[in-house]
Amino acid sequence: MRIKSGLLSILILSTISYSSGQSWQQCKTKINEGLHDIEIINDQVALAYGYGTGRLYKTKNGGRNWKKIYQFGKIYFEQIQFFGEEVGWIIGSPNHVFLTQNGGGKWTEIELNDGKTKQDLYGMYFENPDTGYIAALEKGSEGYRTILYKTTNRGDTFKIVTTLN
């Protein structure tokens, strides 16, 4: 499944539209890895990341050219979300939550839990740069449970909203 996802991402990223999706033009990129997700900020700026490589790419010209702008460790990122061109969140497994406030040039790791419990982070939704939710899957002695976290202060603290066993 990861291979199909990566190939689909490459196809999506190497095909861009200059007419609001009414026609598409294939573009060559120098990215030679599977990409997992894309965050389109506006008609010129978008970000995408490699799955398991920790590489973050950005275009500032509508997808014509992509540049690696950041190298994380070998993290399996699951989702990225931006608010304008500056503030963005990216999550991955295990236990990785990062925040940027300068368009992706610098990232701060945010602690979601005590750091001792391994959790796979699979989804997030932020209403605005300060308020958002992150879903985690945790394996315990009695099986898996899902934990939903919430922040209202741009990640200074996360509180558990609910758990599902």
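View 1. Arg154 is partly exposed, with a relative accessible area of 23%. Its partner is Asp130, and the side chains of Arg154 and Asp130 meet in a salt bridge, 2.8 Å from N to O. Arg154 sits in the loop between E13 and E14, while Asp130 sits in the loop between E11 and E12, so this pair ties together parts that are 24 residues apart in sequence. Asp130 is partly exposed too, at 31% relative accessible area. Keep in mind that what you are looking at is a predicted model.

**View 2. How far can the prediction be trusted?** The average pLDDT of the protein is 83, and 83% of the residues score at least 70. Residues 1–15 have a pLDDT below 50. Beyond near neighbours in sequence, this stretch makes 24 contacts in the model. Where pLDDT is low, predicted coordinates should not be read in detail.

**View 3. An open sheet of four strands.** Follow the strands in the order E11-E12-E13-E14, and you will find that the pairing is antiparallel. Strand E11 (119–126) and strand E14 (159–164) are the edge strands, each pairing on one side only. Neighbouring strands of this sheet are turned by 20° against each other on average, direction ignored. Between E11 and E12, the antiparallel pairing runs over seven bridges. One place to look is Leu121, whose bridge partner in E12 is Ala136.

**View 4. Two leucines of the sheet.** Leu137 belongs to strand E12, residues 132–140, and Leu148 belongs to strand E13, residues 143–151. Is Leu137 buried or partly exposed? With a relative accessible area of 26%, Leu137 is partly exposed. Leu148 counts as partly exposed as well, at 26% relative accessibility. Setting aside neighbours within four places in sequence, the contacts of Leu137 include Lys118, Tyr122 and Tyr144. For Leu148, residues touched beyond four places away in sequence include Tyr133, Ile134 and Val161. Ala135 is another contact of Leu148, and the C-alpha atoms of these two residues are 4.6 Å apart although 13 residues separate them in sequence. Leu137 and Leu164 are 27 residues apart along the chain, with 9.5 Å between their C-alpha atoms.

View 5. Glu138 is buried, with a relative accessible area of 11%, whereas Arg145 is partly exposed at 28%. Arg145 is also among the residues in contact with Leu137 from the previous view.

**View 6. Strand E9 and its two partners.** How many of the five residues of strand E9 are buried? The count is five of five, so look for a strand (residues 96–100) that is mostly covered. His96, Phe98 and Thr100 point one way from E9, and Val97 and Leu99 point the other way. Strand E8 (residues 87–93) pairs with E9 in the antiparallel sense over five bridges, and Trp89 stands opposite Leu99. E8 and E9 form a hairpin with two residues between them. In that turn, Asn95 has a positive phi of about 60°. Strand E10 (residues 108–110) runs antiparallel to E9 and is joined to it by three bridges, with Val97 opposite Ile110.

**View 7. The largest nonpolar core.** In soluble globular proteins, nonpolar side chains tend to be buried together. The largest nonpolar core has 15 residues, and those touching the most other members are Trp89, Val97, Leu112, Leu121, Ile134 and Phe158. E8, E9, E11, E12 and E13 each supply at least two residues of this core. A separate core of eleven residues includes Leu47, Ile75, Phe77 and Ile80. Leu121 has contacts that include Ile91, Val97, Leu112 and Ile134, and Glu78 is another of them.

**View 8. Glu78, a buried residue in strand E7.** Glu78 lies in strand E7, residues 76–83. At 17% relative accessibility, Glu78 counts as buried, because the cut-off is under 20%. Beyond four places away in sequence, its contacts include His36, Tyr49, Ile91 and Leu121.

View 9. Arg55 and Glu33 form a salt bridge, the closest N and O atoms being 3.0 Å apart. Arg55 is in strand E5 (residues 55–59), and Glu33 is in the loop between strand E2 (25–26) and strand E3 (35–40). Glu33 is buried at 9% relative accessible area, while Arg55 is partly exposed at 31%. The structure holds three salt bridges.

Definitions and conventions. Residues are numbered from 1 along each chain as its sequence is written. This is a predicted model: local features need pLDDT of at least 70, side-chain atom pairs count only at pLDDT 80 or more; totals for chains, interfaces and linings use all residues. Side-chain values use heavy atoms; hydrogens and water are left out. Buried means under 20% relative accessible area, exposed over 50%, partly exposed in between (1.4 Å probe, protein chains only). Contact means heavy atoms within 4.5 Å. pLDDT is the predictor's confidence in each residue, from 0 to 100. Two strands pair if DSSP finds at least two bridges between them. Axes are lines fitted to C-alpha atoms, for helices over the stretch in contact, and angles run from 0 to 180 degrees between N-to-C directions. A nonpolar core is a set of buried Ala, Val, Leu, Ile, Met, Phe, Trp, Tyr and Cys residues joined through side-chain atoms within 4.5 Å. A salt bridge is a side-chain nitrogen of Lys or Arg within 4 Å of a carboxyl oxygen of Asp or Glu.
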